[in-house]
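Open the structure in your viewer and keep the sequence panel at hand. We will go from the whole chain down to single side chains.

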Amino acid sequence: MAIIVNLDVMMAKRKMSLNELSDKVDLTLANLSILKTGKAKAIRFSTLEAICKVLDCQPGDILEFKNE
Amino acid sequence: MKSSKTVAILTTMNVLAWITFIGLLIKAGAILFSYLVSVRNPEAAKNLYLDLNLSGIREYDFWHYTGIVSMLVAILLIEAYTAFLVTRVLSKIKMSNPFTLEVVSIMERISYFIFGTWIVVMLYDAQIGWLSKNLQGLEGHYISGEFIFLAGVVFVFSQIFKKGVEIQSENELTV
């Protein structure tokens, strides 16, 4: 897919584990894993907002567009 | 509340589909058995199944009689298999995850089999129509147009269900 999810990069920058993020954004580990591995087909604004708040970043830091 | 009502309706429909399936198989079996008896004893053709009297055709020509009985049995067997497919759909559907490719495939198969019924019913009606020119008191029992209409409706539903599978899969992958 042309949209790349850089969640793992941001998590590494903030030194945060998937379990910790899962607790803080109130999202299941399975759903977070779907997002992290790029299998997700859509992301809710509420989820994006929660992740940005916890990781202290912008949506553009997590999502990236690459023309294939 | 609504979901439990839907589950109850689907369970009832499943039971009815099983009853229909078994009933049609019994009917097909009874006609086939009576036909086999009537091969030796022409009197049996007077009451093949619940006053189904084909003795006129039996006396007119044995092969026409065989053809008519074969088509009747074929129609009943296709209808029975369609009822069986309905039971499969109803047992596969889960309210938490109703749209699956398996259900779509069974629904498509149901529409093909109803279409098949339409073809056999057309042949049956045509043969009855042809025979009625030579024999009095014969009438076609089926309205063949209804079958193709029904096949079309079920096929349309299966295609809508297919779209439902896509939407459900997208919904599952939305975080």
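**A tour of chain B**

Select chain B and read along the sequence: the pattern is α-α-α-α-α. This is a predicted model. Colour by secondary structure, and you have five helices and zero strands to find in chain B.

Now zoom out. Along the principal axes, the C-alpha atoms of chain B fill a box of roughly 75 × 25 × 25 Å. The radius of gyration of chain B is 21 Å, whereas a compact globule of 175 residues would have one near 16 Å.

Next, show the surface. Chain B has an accessible surface of about 10,400 Å². Carbon and sulfur atoms hold 66% of that surface. Of the 175 residues in chain B, 38% are buried.

Colour the charges. Chain B has 13 positive and 13 negative charges, and their mean positions lie 6 Å apart.

Turn to the rings. Over all chains, the count is twelve aromatic pairs. Select B:Tyr35 and B:Tyr65. Why is this pair called tilted? The ring planes of B:Tyr35 and B:Tyr65 meet at 40°, so the pair is tilted, with ring centres 5.6 Å apart. An angle under 30 degrees would count as stacked, and one over 60 as edge-to-face. The pair links distant parts of the chain: B:Tyr35 sits in helix H1 (residues 2-40) of chain B and B:Tyr65 in helix H3 (residues 62-92) of chain B, 30 residues apart. Are these two residues, B:Tyr35 and B:Tyr65, buried or exposed? Both B:Tyr35 and B:Tyr65 are buried.

Last stop: select B:Trp18, B:Phe21, B:Tyr81, B:Phe84 and B:Phe113, which form one aromatic cluster.

How values were computed: Residues are numbered from 1 along each chain as its sequence is written. Chains are lettered from A and ligands numbered from 1 in the order in which they are written. This is a predicted model: local features need pLDDT of at least 70, side-chain atom pairs count only at pLDDT 80 or more; totals for chains, interfaces and linings use all residues. Side-chain values use heavy atoms; hydrogens and water are left out. Helices (H or I, at least four residues) and strands (E, at least two) are DSSP runs, numbered from the N terminus. The radius of gyration is taken over C-alpha atoms; the globule rule is 2.2 Å times the number of residues to the power 0.38. Buried means under 20% relative accessible area, exposed over 50%, partly exposed in between (1.4 Å probe, protein chains only). Accessible areas come from the Shrake-Rupley method with a 1.4 Å probe; for residues, only the protein chains shown count as cover. Lys and Arg count as positive and Asp and Glu as negative; His and the chain ends are not counted. The place of a charge is taken as NZ of Lys, CZ of Arg, CG of Asp or CD of Glu. Rings of Phe, Tyr and Trp (its six-membered ring) pair if their centres lie within 6.5 Å; planes under 30 degrees apart count as stacked, over 60 as edge-to-face and the rest as tilted.
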